[in-house]
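Here's a quick tour for anyone meeting this structure for the first time. We'll look at the ligand and its surroundings, then at one of the helices.

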Amino acid sequence: MKITEHILAAKGKTLFSFEIVPPVKGGNIQELYDNIDPLMEYKPPFIDVTTSREEFVYIQKEGLLDKKLTRMRPGTVGICASIKHKYGVDTVPHILCGGFSKEETEYLLIDCQYLGIENVMALRGDAMAAQRYFEPTLGGHAYAIDLVKQIKNLSEGKYLHESTDNNYAAPFCIGVAGYPEKHLEAPSMQQDLKRLKEKVDAGAHYVVTQMFFDNQKYFDFVAAAKVMGITVPIIPGIKPIAIEKHLQLLPQVFSLDLPQELIDAVCSAKDNIAVREIGIEWAITQSKELLVAGVPVLHYYSMGKSSNIEAIAKEVF
Ligand code: FAD
């Protein structure tokens, strides 16, 4: 089923969903299942699986450093297929511009179609660690909107290089990213919203937001998006703080503000066990307020570990 169909079928009831990260290359999928198992009790209609782009690594070889380009967490589509069939839930692979040519994207979408995966999240991806700015991959897309257009085309049976008479249409439901606190590269909030509207006009069916810790930021974002003419569902993304280091890391990586009350609580915690509890409590309060506001889905960033998401879901759903 498509995400938009799940939302319609819920008839105003808020759904629970979460995002997982593939294991590091050489890891075992069982670890993922062990994290997913306890969350299935809360009946997620869909689970997102992230994609990480390639990075340069330096390998010691005969006293020299060998520079290699490698993807550390491959397997997104395979994981989506295995979760879909093991648990009987829909899965949403994240598809990136960065690191993929248009042809590779088309093959990936065809794999999704054969595997019965009907939803995809279209993202640009970030710059590689070695780059200051995002640079499009040779033969790839520059912005998420271009990816949306390619997926939309395929949904209408238009392949990159039309070669057969009967191109089979693969009607995907397309999600895109939105930023309640503005994307870090956007020159203004208004401009970022205009870009979001362009993605929706190009064919995106729903939006999932970047994490935020102050619900007012989400409410203001949804209101501003409405004024801009964006009418698709805007799903809030929630991440519980888990370690003290997140106070520096999250603003730096995701360009967001943390409420002073949360910062004070984390700073006064005696260790990371206490920080984790504070993060869970904060996310529960956030979730309950969003639930009352009638958001379509509460979508949690699990970052590989599910026990804190389970603690939140237990209180909220
Ligand atoms: P875009 O929509 O392309 O926007 C990028 C920037 O360009 C914005 O500042 C926008 O305002 C601007 N812009 C857009 N169009 C144009 C244009 N035509 N001309 C000029 N400027 C323009 N990253 C991963 O690597 N893997 C993941 O699995 C992943 N999952 C994510 C899930 C969610 C819900 C979110 C919110 C983010 C996720 N990300 C992921 C991070 C994402 O890839 C980065 O935030 C990235 O920097 C931007 O992606 P985007 O799709 O929003 O890009």
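A residue counts as near a molecule if one of its heavy atoms lies within 4 Å of it. On that basis, 22 residues surround the ligand, and the closest are Thr51, Asp126, Tyr179, Asp192 and Lys199. Keep in mind that this is a predicted model, where local features need pLDDT of at least 70 and side-chain atom pairs count only at pLDDT 80 or more, while totals for chains, interfaces and linings use all residues. Residues are numbered from 1 along each chain as its sequence is written, and side-chain values use heavy atoms, with hydrogens and water left out.

| Residue | Ligand atom | Distance |
|---|---|---|
| Asp126 | oxygen | 2.5 Å |
| Tyr179 | oxygen | 2.7 Å |
| Arg195 | nitrogen | 3.2 Å |

On its own, the ligand has 970 Å² of accessible area (Shrake-Rupley method, 1.4 Å probe), and the protein covers 86% of that. Helix H6 (189–202) is one of the elements giving two or more residues to the shell; helices here are DSSP runs of H or I, at least four residues long. H6 provides the largest share, 3 residues.

Now for helix H10, residues 272–292. At its start, a side-chain oxygen of Asp271 comes within 3.2 Å of the backbone nitrogen of Ile273. After H10 comes Gly294, with a positive phi near 80°.

Notes: A polar contact is a pair of N or O atoms within 3.5 Å; within protein, one must be able to donate a hydrogen and the other to accept it, and residues adjacent in sequence count only if both atoms are side-chain atoms.
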